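I set down here what I looked up in this structure, entry by entry.

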Amino acid sequence: MDNGNDHALQDAVRTATALKYGISGPIAAADLVWQQKKNIGMILGSTAFLLILPVLFLCMLPSFIFGSFQLTTAWNDNAVMMQNIQRYRTAVWSAIDEVHDDLLQELMDRTAEGEEIVIMDDFNYSSVDTTSILCQYCVEKGTDEISVEDIQQIIHAHSNDLFEYAKPLDNTYEIRFLGDADYFADHIFKLTEEQKELAEMYASNLELFLHGSRFGSVSAQVSDDVLKYGTLVEKYAQKYGISHFVDVINAVMMAESGGRVPDVMQASECPYNTKYPNEPNGITDPEYSIEVGIHYLADCLKGAGCSAPTQTEKLSLALQGYNYGNGYISWAIENYGGYTEANAQEFSRMMQKKLGWSGYGNPKYVSDVFKYLVFSGNGIWGSPFVGKNWNSAVSSEFGWRTDPLNGSKAFHEGLDIAYPTGSQINAVSGGVVTSVVFSKTGYGHHIRVDCGDGVTVLYAHCSDIFVTKGQSVAAGQVIAEVGATGRVTGAHLHLGVLVNGEEVNPREYISQ
């Protein structure tokens with residue numbers, strides 16, 4: 001009799017052989033893998049599959065990371081891949097930023113001499129999901145013939161569609177960016193639903209490739225009582241697709257029980273517990289507790305959009321959701337855009353009132369888990385104000401805050417350091433200047449420096465800038481002066497650090 005799994009394995013191995021001998025490039029390879037996705041899914045647990053998994057994983061990355069497909073060394077050279085990623089991301093951002101600058105100039109040209117206008121404009125680097133756009137581009141092309149020039153030409157060809165503006169008042173313009181990932185998929189690349197699914201898979205695998213390799217790491221400091229469950233943790237982390245969160249799982253177990261009771265993950269009240277009483281410490285089998293807890297944590301990570309342990313904001317949301325359940329994650333996103341300890345307190349009070357209980361969950365759960373985790377970035381950089389105690393001048397931290405201009409809740413994507421106009425700003429790390437923008441809106445006069453490995457530093461609201469686009473700078477070099485340009489209430493430096501386009505807390509990188 002024929003065995004379905006054997007045929008699936010044979011097809012998958014033939015796919016891997018095609019990848020190794022005679023494919024036309026990663027896009028063609030990914031198409032082969034995509035066609036075999038059902039067969040591959042059937043043999044995920046097989047030993048033979050482990051032999052071809054690294055090749056298959058590479059093939060399921062978007063093709064722009066490989067650059068020129070004659071450059072076969074790229075397949076085994078992370079440095080080449082990282083350079084290609086940054087090159088394409090910079091190309092997309094630069095093209096859209098040029099369209100934005102053209103629109104600003106158009107509005108300024110319409111202004112009569114001496115007339116004062118107000119431009120309401122929140123467009124910035126984080127507005128552009130370069131990863132998703134590039135992955136959609138790879139899918140739409142359907143070949144290996146992609147290029148920086150081509151994607152930039154596509155963006156410029158649709159320049160009239162990426163922004164719109166309104167004039168709610170005579171002297172006020174309001175600009176809105178339309179070019180999110182959904183817009184590109186539906187109106188520019190015009191992808192089918194299957195193509196969208198493939199592009200999302202590319203983006204997900206790219207996030208795993210980046211955050212799982214070179215962009216920081218997370219380790220857990222836990223007891224031997226927790227570590228003795230290591231084999232079971234790895235088993236169920238793999239089963240539920242969160243193998244790269246093993247240290248986080250260990251930290252959760254440490255916070256929940258220290259590994260000292262049978263219900264090690266305190267998972268008896270999770271919805272996946274169908275064997276034991278749904279009451280505290282109801283589970284008496286440690287392995288079952290681990291499986292149920294990891295299954296639920298995987299759901300929380302997915303709900304929070306957390307694909308890597310280094311995404312601390314999303315990880316915080318997922319962890320508080322693990323503790324609270326009852327829709328906390330969707331509630332926090334809908335009402336606040338994410339997790340804060342303040343909204344965790346609010347949710348606890350709300351549930352106490354709703355259920356008539358004297359307490360609900362642990363509003364400080366994230367801190368209780370994080371104290372067992374060690375987050376390491378890409379190294380400590382220099383000071384933005386050499387010779388000064390700049391910590392004493394920080395006026396706004398990274399994270400959720402009340403917007404000082406309109407009073408609404410908003411996420412602050414960097415550190416604000418208040419010094420008088422004209423104070424010298426030092427580069428915190430060496431790199432290449434990718435953009436120098438002089439603007440009366442948003443970040444005002446600002447600089448972006450590519451520090452390599454997908455890391456970009458933003459210096460915003462400057463009064464004067466001493467570097468040019470394409471120039472190399474060294475750590476400690478004076479590159480600008482503090483100002484109050486753009487959307488501000490006073491003179492300060494807005495310092496931002498982005499890893500692959502995602503804002504991270506600058507305090508994880510810069511010297512104290």
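Entry 1: I worked on a 1 Å grid over the protein atoms alone, where a cavity is a set of points at which a 1.4 Å probe fits but cannot get out, and lining residues have an atom within 4 Å of a point. Rolling a probe the size of a water molecule over the atoms shows where empty space is left.

The model is a predicted one, in which local features need pLDDT of at least 70 and side-chain atom pairs count only at pLDDT 80 or more, while totals for chains, interfaces and linings use all residues. Residues are numbered from 1 along each chain as its sequence is written, and side-chain values use heavy atoms, with hydrogens and water left out.

I noted 4 cavities of 30 Å³ or more in the structure.

**Entry 2: the chain as a whole.** I recorded 18 helices and 17 strands. Of the 512 residues in the chain, 50% are buried; buried means under 20% relative accessible area, exposed over 50%, and partly exposed in between (1.4 Å probe, protein chains only). Among contacts in the chain with a separation of 6 or more, 64% join residues 24 or more positions apart, where contact means heavy atoms within 4.5 Å.

Entry 3: At what angle do the axes of helix 6 and helix 7 cross? I read roughly 100° for helix 6 (residues 130-141) and helix 7 (residues 148-157), whose axes come within 12 Å. Axes are lines fitted to C-alpha atoms, for helices over the stretch in contact, and angles run from 0 to 180 degrees between N-to-C directions. The two helices are therefore roughly perpendicular to each other, a term that covers 65 to 115 degrees. Helix 6 makes the contact through Leu134, Tyr137 and Lys141, and helix 7 through Asp150, Ile151 and Ile154. I counted 4 nonpolar, no polar and 2 charged residues in this contact.

Entry 4: I found helix 13 mostly covered, with 8 of its 11 residues buried. Among them are Val248, Ile249 and Val252. Gly258 follows the helix and has a positive phi, near 65°.

Leu319 lies in helix 15 and is buried, at 0% relative accessibility. Leaving aside neighbours within four places in sequence, I found Leu319 in contact with Val248, Val252, Leu297, Tyr365, Val366, Val369 and Phe370. Leu319 and Tyr365 are 46 residues apart along the chain, and their C-alpha atoms are separated by 7.4 Å.

**Entry 5: Met120.** I located Met120 in strand 1 (residues 118-121); it is partly exposed, at 44% relative accessibility. Thr441 is 321 residues away from Met120 in sequence, yet the two are 7.3 Å apart, C-alpha to C-alpha. Beyond its neighbours within four places in sequence, Met120 is in contact with Thr172, Tyr173, Glu174 and Ile175.

Entry 6: Gln266 is not a glycine, yet I noted a positive phi of about 45°. Gln266 sits in the loop between helix 13 (246-256) and helix 14 (286-304) and is partly exposed, with a relative accessible area of 26%. Asn326, also not a glycine, has a positive phi of about 50°. Its loop runs between helix 15 (312-324) and helix 16 (328-336), and Asn326 counts as exposed at 54% relative accessibility.

Key:
Helix = DSSP H or I, 4+ residues; strand = E, 2+ residues; numbered from the N terminus. Parallel < 35°, antiparallel > 145°, perpendicular 65-115°, else oblique. Nonpolar A, V, L, I, M, F, W, Y, C, P; charged D, E, K, R; others polar. 1 Å grid on protein atoms, 1.4 Å probe; cavity = no way out; pocket = protein on both sides within 12 Å on 5 of 7 lines; lining within 4 Å. Points joined across faces, edges and corners; volume = space filled by probe spheres on them.
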